[in-house]
Amino acid sequence: MRHSILLLTCLCAAMSLCAQVDSSAIRFAATITEAELRTHLTVLASDAFMGRDTGKEGQKMAAAYLKKAFIDAGIPPVPAPFDSAVTDGYFQQYELIEDQVGGIGIDQAGRIFAYKEDLLYFNEQLQTDLAVREVVYLGNGEKLPKVPLGGRVIVLDGTTMGDTPALMSRLSERMQDLRKADAAVVLVGVPSVSAMANEVHLPASRVRLASGSGKESTPPTTQMIVIDGASMDELLGANSLAKLARKRAGKVVPVDFTITARPNTHPLVAENVLAFIEGSDKKDELVVITAHYDHIGVENGVVYNGADDDGTGTVVIMEIAEAFAKAKAEGHGPRRSILVMPVSGEEKGLLGSRYYSDHPVFPLENTVADLNIDMIGRVDTAHRNSAPYIYIIGSDRLSRELHAINGQANMLYAGLELDEAFNREDDPNRFYYRSDHYNFARKGVPSIFYFSGVHEDYHQPGDDIEKIQFDLLHQRALLVFHTAWILANRDQRIVVDKPPKP
């Protein structure tokens with residue numbers, strides 16, 4: 001009897017699934033092909049596009065290529081009236097400031113501590129010289145003492161925080177607390193700056209949103225500087241990291257040096273590209289699909305093509321835009337509007353999506369969800385021998401319905417293993433905060449980040465098209481398309497049932 005009931009249950013489930021399959025969705029999903037994905041990626045990830053560096057010629061070339069592809073697909077410009085930052089209905093332009101690195105140093109009685117020799121930093125917040133006569137020693141910074149830290153210079157001992165990946169993760173956590181405490185500068189002693197410089201990507205310049213791009217776009221004011229252990233001991237004078245390790249956190253240490261700031265900046269302009277497919281009876285509601293099309297450019301004469309990061313996401317959303325445009329042209333257009341938006345500035349700190357979320361072309365309160373793709377063309381070491389998979393990040397953070405719909409789309413159309421390993425709120429990699437979906441999520445828009453994991457060519461010149469697995473890329477593209485199709489065509493808008501978290 002139990003076997004009969006189980007068989008009947010399985011039959012009913014199968015019949016239910018068949019009833020839910022949308023033949024129109026399958027028809028237009030078939031227009032997304034491996035061949036077209038390869039054709040577009042061959043162009044965008046070529047040396048001719050010079051690594052698509054934000055605000056530079058290669059990024060402009062990529063933006064023009066995307067615009068032409070959308071026009072060729074029959075997608076008209078965003079209808080007027082629109083925000084003044086939107087030009088010709090396809091580009092949302094935003095202003096940036098580029099800071100050339102090397103402008104921050106330390107001067108101790110004429111001894112100059114220089115960038116990459118004695119110290120490193122990953123952003124430039126300090127704009128004027130700072131004379132330092134005392135520092136507050138906080139050990140590894142795991143627990144902040146109950147002493148005022150506002151405006152103070154802090155010393156952390158990074159020699160006890162593990163290897164470089166572990167150190168960077170822990171510093172990210174520590175800096176959150178120290179920024180909240182309004183510390184002015186955080187000096188972190190590490191065993192070897194030169195060794196660390198070989199393990200992390202250090203661009204020749206850094207880019208930030210220009211002033212006036214929104215209050216929330218203002219960068220944090222706390223400056224972190226990583227210092228070689230031997231150099232840190234020089235700065236500490238009679239003390240040293242080893243001696244201070246025996247002291248309590250919160251100890252004030254006298255010093256005498258100046259942190260110098262010589263900003264070298266100039267303005268840039270970048271673009272988000274807009275492909276808008278207007279809906280029918282629910283056209284005022286919007287489903288947004290994003291991927292960043294910028295990468296890190298050319299360094300030391302070597303082009304970083306970024307085939308996976310994020311050429312793969314870019315070509316997938318190009319194909320998704322074309323599929324929705326064909327559906328509309330043939331009378332099967334989406335009920336809700338679709339905005340396919342390749343964004344720029346992700347590699348510089350999610351800047352393009354941040355600008356859009358602070359200056360939306362379409363009201364965020366009408367935005368149903370953001371589906372964001374970043375690196376879905378390869379396989380990471382955790383899945384080297386596994387079935388086809390995709391990491392799903394953030395799908396249940398704001399809306400349980402969004403999570404369920406993505407699972408339904410996968411079950412009906414894609415057949416991937418949905419891995420939620422990086423969706424944990426305590427994920428040490430903090431991937432939830434590291435791609436463009438986050439700028440929608442922080443505004444309360446339910447979002448999914450589709451990701452296939454980090455590989456050995458991440459931010460390396462070896463991230464080339466020859467290593468992309470196009471069969472997997474295509475299968476993953478189908479999941480995103482079908483999730484968007486369901487979101488755009490269901491009767492009820494998905495419910496936001498969880499509050500956004502910072």
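The expected span of a helix is 1.5 Å times one less than its number of residues. Keep that rule at hand for the first stop. The model on screen is predicted.

**Stop 1: helix α9**

Select residues 307–329, which form helix α9. With 23 residues at 1.5 Å a residue, α9 should span 33 Å. The C-alpha atoms at its ends are 31 Å apart, which agrees. Of the 23 residues in α9, 20 are buried, so the helix is mostly covered, because buried means under 20% relative accessible area. Step past the helix to glycine 331, which has a positive phi, near 85°.

**Stop 2: arginine 335**

Move on to arginine 335, in the loop between α9 and β17 (336–343). Which residues does its side chain meet in salt bridges? One is aspartate 281, with the closest N and O atoms 2.8 Å apart. Aspartate 281 sits in the loop between β13 (275–277) and β14 (282–292), so this pair ties together parts that are 54 residues apart in sequence. Aspartate 281 is exposed, at a relative accessible area of 51%.

Aspartate 491 also forms a salt bridge with arginine 335, at 2.7 Å from N to O. Aspartate 491 lies in the segment after α13 (470–489), so here the parts tied together are 156 residues apart in sequence. Aspartate 491 is exposed too, with a relative accessible area of 52%.

Next, select Asp53, Lys56, Glu98 and Lys348. Salt bridges with shared partners join these four into one network. The structure holds 26 salt bridges.

**Stop 3: glutamate 173 and arginine 174**

Another salt bridge links the side chains of glutamate 173 and arginine 174, at 3.7 Å from N to O. Are these two buried or exposed? Glutamate 173 counts as partly exposed, at 38% relative accessibility. Arginine 174 counts as buried, at 10%.

**Stop 4: the eight-stranded sheet**

Switch to a cartoon view. Look for an open sheet of eight strands with mixed pairing, in the order β4-β3-β11-β6-β7-β8-β10-β5. The edge strands are β4 (111–113) and β5 (119–120). Each has a single partner strand, so one side of each is left without a neighbour in the sheet.

Select β3 (residues 104–108) and β11 (residues 251–261). They run antiparallel and are joined by four bridges. Aspartate 107 has threonine 258 in β11 as its bridge partner.

Helix α7 (residues 229–236) lies across several strands, including β3, β4 and β11. It runs at about 105° to β10 (223–228).

**Stop 5: strand β7**

Zoom in on β7 (153–157). Five of its five residues are buried, so β7 is largely enclosed by the rest of the structure. Val153, Val155 and Asp157 point one way, and Ile154 and Leu156 point the other way.

What lies beside β7 in the sheet? On one side is β6, paired in the parallel sense over two bridges. There, valine 136 has isoleucine 154 as its bridge partner. Leucine 156 has valine 188 in β8 as its bridge partner. Trace the chain from β7 through helix α5 (residues 164–180) to β8: this β-α-β crossover is right-handed.

**Stop 6: alanine 204**

Finish at alanine 204, in the loop between α6 (193–197) and β9 (205–209). Alanine 204 is exposed, with a relative accessible area of 52%. Beyond its neighbours within four places in sequence, it is in contact with Gln100 and Val101.

Technical notes. Residues are numbered from 1 along each chain as its sequence is written. This is a predicted model: local features need pLDDT of at least 70, side-chain atom pairs count only at pLDDT 80 or more; totals for chains, interfaces and linings use all residues. Side-chain values use heavy atoms; hydrogens and water are left out. Buried means under 20% relative accessible area, exposed over 50%, partly exposed in between (1.4 Å probe, protein chains only). Contact means heavy atoms within 4.5 Å. Two strands pair if DSSP finds at least two bridges between them. Axes are lines fitted to C-alpha atoms, for helices over the stretch in contact, and angles run from 0 to 180 degrees between N-to-C directions. A crossover is right-handed if, with the strands pointing away from the viewer, the path from the first strand over the helix to the second runs clockwise.
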